[in-house]
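Open your viewer and get ready to click through a few side chains. Each stop tells you what to select and what to look for.

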Amino acid sequence: MSHFKFSMEMLKKEYKKSLVYIITLSLVTAITFLFFNIIDNPHLSSVPQEVSQWYYTQMPFSTMLSFLIIVFCAFMIVFANNFYISRKTKEIAIMTMSGSTFINITLYLFYQNIVMTFMAFIIGFLIGSGLSMGVNQLIYSYIHYQGSFFYIPINAIFDTSICVLSILFAQLVYTSGFVYRKDIAYLLSQEKTNVLKDERIFKLPSITYIFIYLFGIVALTLSLSYSSISAIFPCFLSSLGVSGMIKYNFPQLFHYLKNKKWLSDKLKLVSISNLYYSLRRACSLVALYAVSSSVLIAIMIMQKDNPRELITAFIGFIVVIILLLASIIYKYVMEAITRKTFFYNLYKIGYSYQQILMIMKQEVIFFYSILLGLPMIVIIISITQAYLHQDISLLFIMMILGVQFITGIIAGIFTYISYKNNILQVLKEGIRYE
């Protein structure tokens, strides 16, 4: 029982890390519940008399897409947990040096996970219920079905609970493996390391990734017989190029800018260094953002004549974008906590509040410009081709671009505010070694 009390005390003490993690879990749980509602709701899977059989033949697509998004949500929960554990390496090392056993450390982390997951499940269930009612009403109105949008299937609650419990078990396995595998030297250095190793087995020239990105764009632009299905592969190819460019081309660009263009700019020198590290740490999320957004837009265009499938795909598009942006914000907030000593030292050697704020602002603006800009080129070409060849409406194009831009801008503003608040608190109060 003493281990549980100690675990809860530390959870309260590190409420900032815990709160962001709980919010992330709540959001993912709500989305999981929403799509289980789409799968399990008999009013959405049955065929009302007013609706033709053509809708029915397309319903398995909605089920498949909902299932894929649920799997994606599970991946996001695992990602959030893994990153959360990776930010607790110092306290794990201290517990190890203090004589705590492998079992005690595992239980310490698992107790925290149980409490946070339980809180996130309750919050996520409430949010998911509200979202499910809204989606029910939206789909009912499109398929002209008269029914109560308040109806939520019991199976959706049960399936969501099973999914969360399964992921909780997976977290226990991962946590125990992490504690068992990592030695004290690794644990003490992990949170503060700024060196990311190139672990590729086969090392391609960096220009290859630019070629892959441009080849996807050219293939999308010069397609003679454009279709939304044929657009998926070029979009995926360009997104793969984005990942490689971030990892292997941008470091060269940043090195050139630091040594040739911005050598005398003490603000950009710092912001570009932080930007490089942030991009590398979030590379997989940026690539996933590029792939998901472009591919889901192609899927929506495929279903433009089927309202029910189009609504499901559009909801999935919004959900995936929000989840990925939430994960990126989560990483940024957690990284900001680990950079407090760095910014505090800058402040001590003469950087003013305004200069430090400008460094953070430049970093966030550069980051989100890359995050939105590279995929946006592919997306604009894709929807332009669809407008010319598949007669999609301008309203549809405006909705897609609006979701992409507005969510990205909101995420950037929220990231900067969270980043700023964490760092300014340190500058005002000083470093507290806890």
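Select Phe 125 to begin: with a relative accessible area of 27%, Phe 125 is partly exposed, a label for values between buried (under 20%) and exposed (over 50%), found with a 1.4 Å probe and protein chains only. Before moving on, note that this is a predicted model, where local features need pLDDT of at least 70, side-chain atom pairs count only at pLDDT 80 or more, and totals for chains, interfaces and linings use all residues. Residues are numbered from 1 along each chain as its sequence is written, and side-chain values use heavy atoms, leaving out hydrogens and water.

Next, look for aromatic pairs: the whole structure has nine. Rings of Phe, Tyr and Trp (its six-membered ring) pair if their centres lie within 6.5 Å; planes under 30 degrees apart are stacked, over 60 edge-to-face, and the rest tilted. Phe 33 is buried, at 1% relative accessibility.

Now select Trp 262 and Phe 366, a stacked pair with 6.2 Å from centre to centre and 5° between the planes. Trp 262 is buried at 18% relative accessibility, while Phe 366 is partly exposed at 25%.

For a last stop, select Ile 410, which is exposed at 52% relative accessibility.
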